[in-house]
Amino acid sequence: MSKVCWLVAAIMFAAATMVYGQQEPCFFVFGDSMSDNGNNNNLKSEAKVNFSPYGIDFPQGPTGRFSNGRTIPDIIGELSGFKDFIPPFAGASPEQAHTGMNYASGGSGLREETSEHLGDRISIRKQLQNHKTAITKANVPAERLQQCLYTINIGSNDYINNYFMSKPYNTKRRYTPKQYAYSLIIIYRSHLKNLYRLGARKVAVFGLSQIGCTPKIMKSHSDGKICSREVNEAVKIFNKNLDDLVMDFNKKVRGAKFTFVDLFSGGDPLAFKFLGFKVGDKSCCTVNPGEELCVPNQPVCANRTEYVFWDDLHSSEATNMVVAKGSFDGIITKPYSIAQLVKEL
């Protein structure tokens, strides 16, 4: 979908999103900091945000969400009819596996070494292990698991905290962008197969956004004012391969529906201006030079709904709302909207 069409559709459907009564019996979330809601809080990691000003617009305050408010899965859960937020795996009761868990971890990636310089994190491989442990311990019936909604948003850190970070990583010296994307898709394929074996039948797979347009990457790989074309071109290759992988699963995997969420189209700061965002190249919170997270207890912008980014890497709640509604309504998904997956459960 072209950038202009994406924007027009987003504006048209923003007020028309249908909120379902709770249709799916459970909702499982996998991914990185875009989805993490507290799994990193007790880890020895620099990738955790259970402090102010994170959560300034969230009812429970700082919970470990990498935003000022709700995350994309939070909003998708609300649109799906859930009355409560899906809890993080860390600290959740075993019974919670019957209604859903969030396994996402800030800093995680497809590759095991991704973000190792930040300390502990829960890779996608370990997240799937945690899921298997949870549903096995709770004895969740297979027929129930097949009716649940699953979202997975992973891969950004494999570029930000691996391929485009020369130290301590050497992947950029070993792989061309095409080779690297291919290597990540091989890993992704094996994990999606595993998720299917564990009972998943309705899965929304998120592509990567234009991470070359994040304030962090614009400062480190551009002049700080324009997006990094090098980074975005590499991400574009990955997204194309991931899109193809999802379509391949729909053709070959019996009884399952996978959908691809296109976060890349229309995702640059210029495009967001059409949706009412006024600041797309700066963080809303105070970020120290060379870092990416908010400085604890320092000033933040007052007009948070006008900022695309909350810190130098993560999106604001307002941006998350646009993305969540776009994926739920099918504006940025193919071949199914998340609403279709929910309605058919």
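User: Does Arg 229 count as buried or exposed?
Analyst: This is a predicted model in which local features need pLDDT of at least 70 and side-chain atom pairs 80 or more, while totals for chains, interfaces and linings use all residues. Residues are numbered from 1 along each chain as its sequence is written, and side-chain values use heavy atoms, without hydrogens or water. Buried means under 20% relative accessible area, exposed over 50% and partly exposed in between, with a 1.4 Å probe and protein chains only. Arg 229 has a relative accessibility of 66%, so the residue counts as exposed.

User: How far is Arg 229 from Met 247, C-alpha to C-alpha?
Analyst: Arg 229 is found in helix H9, residues 229-252 (helices are DSSP runs of H or I, at least four residues, and strands of E, at least two, numbered from the N terminus). Along the chain, Met 247 is 18 residues away from Arg 229, and their C-alpha atoms are separated by 27 Å.

User: What is the average pLDDT of the protein?
Analyst: pLDDT is the predictor's confidence in each residue, from 0 to 100. Residues 1-5 stay under 50, yet 91% of the residues score at least 70. The protein's average is 92.

Definitions and conventions
Contact = heavy atoms within 4.5 Å.
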